Amino acid sequence: MHDHSELVRQRIDRLVRERLVPAVERARASVAVEAWEVPDEPVPFAQAVTNDFAPFAIGQAWGRPWGTVWFRVSGTVPDWRADADDVELVVDLGFTGAQAGFQAEALVYASDGSILKAIEPLNGYVRLDAAPGEEFEVFIEAAANPDIGSGFVEFRPTVLGRRSTAPTEPLYALRRIDVVHRDREVWGLVQDIWTLEGLALQLAPTSPRRAHVFAALEAMADAVDPSDVAGTAAQGRAALRPALDAPAAASAHRIFAVGHAHIDSAWLWPVRETIRKVARTFSNVLDLMDQDPEFVFAASSAQQYAWMKRFYPELFERIRVRVAEGRFVPVGGMWVESDTNLVGGEALVRQFVEGTRFFRDEFGVHPREVWLPDTFGFTAAVPQIARAAGTEFFLSQKISWNETNRFPHHTFLWEGIDGSRIFAHFPPVDTYNAMLSGADLARAEQNFADKGRANTSLVPFGFGDGGGGPTREMVAAARRTRSLDGSPTVRMAAPAEFFDAARAEFPEPAVWTGELYLELHRGTYTSQARTKRGNRRSEALLHETELWCATAAVRLGHTYPYDELREAWQTVLLQQFHDILPGSSIGWVHDQAVENYRIVGEKLEGLTGDALAALAAGDADADVDAEILFNAAPVDVDGVPANAAGPRAAGGAVRIERAAAGILLQNDHLAIRIDAEGLIDSLLDRATGREVLPPGERANLLQVFRDTPRQWDAWDIDPEYRRLGESVTTVDAVEVEESDERVAVSVTRSFGASTVVQTVALAARSNAVELTTAVDWHERQRMLKLAFPIDVHTASAASEIQFGHIVRPTHTNTSWDAARFETSAHRWVHVADARFGVAVANDSTYGHDISRHERPGGGTYSLLRQTLLRAPLFPDPEADQGMHTLRSSIVVGHIGDAIAEGYRLNLPPRAVAGSASASAALLPLVSSDDPAVVVETVKLAEDRSGDVVVRLYESRGARASAGLRVHFGFSVVVETDLHELPIPAVAVTASTPDRVELALRPFQLLTLRFERP
């Protein structure tokens, strides 16, 4: 026997599909359509409308990939008896599926250039402000964006990811443009049915409430005459009213529905298209606000608002009005929704500084929450940085994507490496693209992991990724589920309202300590190596430029380049977006990123060069008779103090010799032996007499693995790769280089379609083995790793993150440990036992794996591997092809040595010709007398007062008492937040005109402002 409710559902679905939806359009009329195709990149409205438009027919093809066509649409509203809100222009650009944001879309302008609304696949109308009998004219800027994702069922290589390789044939055919008289009553009936049926399908089959809802739906079907839907829709709605009016139980789960649209700042489209996507989405939102006074929308990313201010000023001013009303809510306080694993410490600070500054300057708003729904995991440095930025809350949805382990909380306190805690929430709806369907609401309630102690969650609703945002159907669903029996209650609100309610309800949530590791997308630590190298180099250049320009400004009165630095920072911050820096965008995006890094690099090199030349000049009458080393690293390098300049250190010896056992490289610190296959088979630390390598193992070993993940090519590395690899040991040539200061051995190898030159070098005074890997990479779906077996028995390894390091297990005792088989690190990783440690540093590599292996003779050793290159085919089939040069090093010592080597490798000193008389000007502005306290940033204050801002941190994970020596005049020193605003003093214990005493907790980040007289 059939379930009666199933029979009712079948009847209802057919009624809606065949009778009600068609009846929403009470009448329609044709319009005149003309078109002009933009020959190249998009143009603004004022330029587009001056061109010659030609007649265009429904059914005609349009839009080469990434092209733009402007349609001019004109007509007369028929003599319908309709309110203005019921007259709409309905457009179908030739949409290819039900997915919003990944295909054709458009922005509609009135004839005066004002923006009306966007046209999207699931949002294809624009209201016309024209009465019956009135003429109208609108312009539609239609973007022929290709659907590169194709529903993410298949991940095939595509030529569509670059304009240079995309075909020129049109992608779409114009399907429809009509003036429509919308029947609000029929549309309302459709929404009633969608909400109630969606609710009923989530209730238990034996639930009385389910039977009640289906009975109401059946009564509605009886009340609506299929031959007169318009005339009987009101009766149908009346039949549903008792079911819709039944209030929710007092114990119902409480949902705060936050309208939003997660718009990727670049991904399967270039940045220039994101700018237009933001305009389309924000115009949709503003139109919804005009229709519904209760609708609230939250949007992050100051960069996206800045684009609106620059490119769409009229739209931006409308946004400003709604922000003042509290309905258009800036959230997140960051420049973009950035990656957090790979971004450097100071750069992550600047994400908050630049983002919050824009929101405060433009709107008078300081967002209270970190808003990163889609970022691929979160460094344990976030809580401290966010709190120092004045942020109280944290939200993400992404950890619900874990492949192995289910995160145990939805509302919790997240504790960072320094002990800072932030109130965090993971929406249990498990999506940032909710539609407020019955399934969405039920999933939020059922998943909520903190039942019994809390009962409130947030649901972000609206089409995202490619934009679009909330629709009027979603808002209608929110209204109908405000208090509905069998459903969670739904309240449209801003995020801060949710967080205040959740924190009040749940004052003592559980604590999660450390990183929030995403058990997925591990390949993003490596994909698109050029983008990653550009980011690392740009971060280093910004550090140098700020330091030396600040020094020149304080010592010599030179003009500090505020505007140039801000522009460079904003470019770098944009490219730290979580689909750019992680390497998961189309080739067009990465080509543009590399070019932007080149431009930033040229600008910063010029600024740095000018500052160094001035600092090195000294007495204008003195001869240029000295080579001065400028050391921008916060550690001593080549005998030059941190953040200072001076002559290169003398002394030390290095030698190289050939022996039967191999080539020997030796200095006062290390002895290295390279075997016949060009691999390091012995590395002896002279100070301890200890051999670094385990018996029978070799270091600097390249390994190539098959890399064919189950899905998400550029994003993922699957654990199976470990069974499918081979070592590269073939030798094509060996060359020896020798000088008084440095010796080196270069080995050329070939494998597959690629070649590599590996160089092992040792400098006279260095305690580190310098390694260079120059690869001409032409593999596909293969991964290149560089292996370092270390004879250290340990259960954990330290990896540098922002302003400190994190210790991760190297064993696989639990499923959480096993899932963490590929990890990110910044400049170094380190393994140690109680007496001996070894670090492997890098200049642009982020992906690592660190594991334990059985040692001959007993015990275990540690295997450290850098993941150098990948070669995914989707979304960029040319990812990482070509030349790459990657630098690494091995250093023996404790964590302090690892930190120093990481800085040395990434901030090598600059040699500048100058005058010996310049030495007095080359003292560091500030220096720490405790090597554990690292002076990370020296700059001038953002308010252009000329004050000096110093950012420092405790680097080793222990309490520290340090003296900060100050080599410039100041009147007072104050502790500040990241925005350089005063906060109560905690770390400064005393100060004199040339010294500041500090007491820091482990990994504490501290910002000091030195006010100058």
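1. The second largest pocket holds about 1,000 Å³ of space, in a model that is predicted. A pocket here is an open set of points on a 1 Å grid over the protein atoms alone, where a 1.4 Å probe fits, with protein on both sides within 12 Å along at least five of seven lines, and lining residues have an atom within 4 Å of a point; the volume is the space filled by probe spheres set on the points, which are joined across faces, edges and corners. Of the 36 residues in its lining, Val 21, Leu 122, Trp 187, Gln 191 and Glu 473 are the closest to the centre.

2. Residue numbers start from 1 along each chain as its sequence is written. Local features need pLDDT of at least 70 and side-chain atom pairs count only at pLDDT 80 or more, whereas totals for chains, interfaces and linings use all residues, and side-chain values rest on heavy atoms, with hydrogens and water left out.

3. Elements giving two or more residues to the lining of the second largest pocket include α1 (4–23), β12 (176–182) and α12 (472–480), while α3 supplies the largest share, seven residues. Helices (H or I, at least four residues) and strands (E, at least two) are DSSP runs numbered from the N terminus. By class, this lining has 19 nonpolar, seven polar and 10 charged residues, where Ala, Val, Leu, Ile, Met, Phe, Trp, Tyr, Cys and Pro count as nonpolar, Asp, Glu, Lys and Arg as charged, and the others, Gly among them, as polar.

4. The largest pocket contains about 1,200 Å³ of space and is lined by 41 residues, with Ile 275, Gln 303, Trp 307, Arg 310 and Phe 311 nearest its centre. Its lining divides into 21 nonpolar, six polar and 14 charged residues, and the largest share, seven residues, comes from α15.

5. Three strands form an open sheet in the order β24-β23-β45, with antiparallel pairing; two strands pair if DSSP finds at least two bridges between them. Because β24 (644–646) and β45 (910–914) stand at the edges with a single partner strand each, one side of each has no neighbour in the sheet. β23 (residues 626–631) and β45 are joined over five bridges, and Leu 629 has Ala 911 in β45 as its bridge partner.

6. Helix α14 (residues 529–556) packs on this sheet, touching β23, β24 and β45 (contact means heavy atoms within 4.5 Å), and its direction makes about 35° with that of β45. α16 lies across β23 and β45 and runs at about 45° to β45. Axes are lines fitted to C-alpha atoms, for helices over the stretch in contact, and angles run from 0 to 180 degrees between N-to-C directions.
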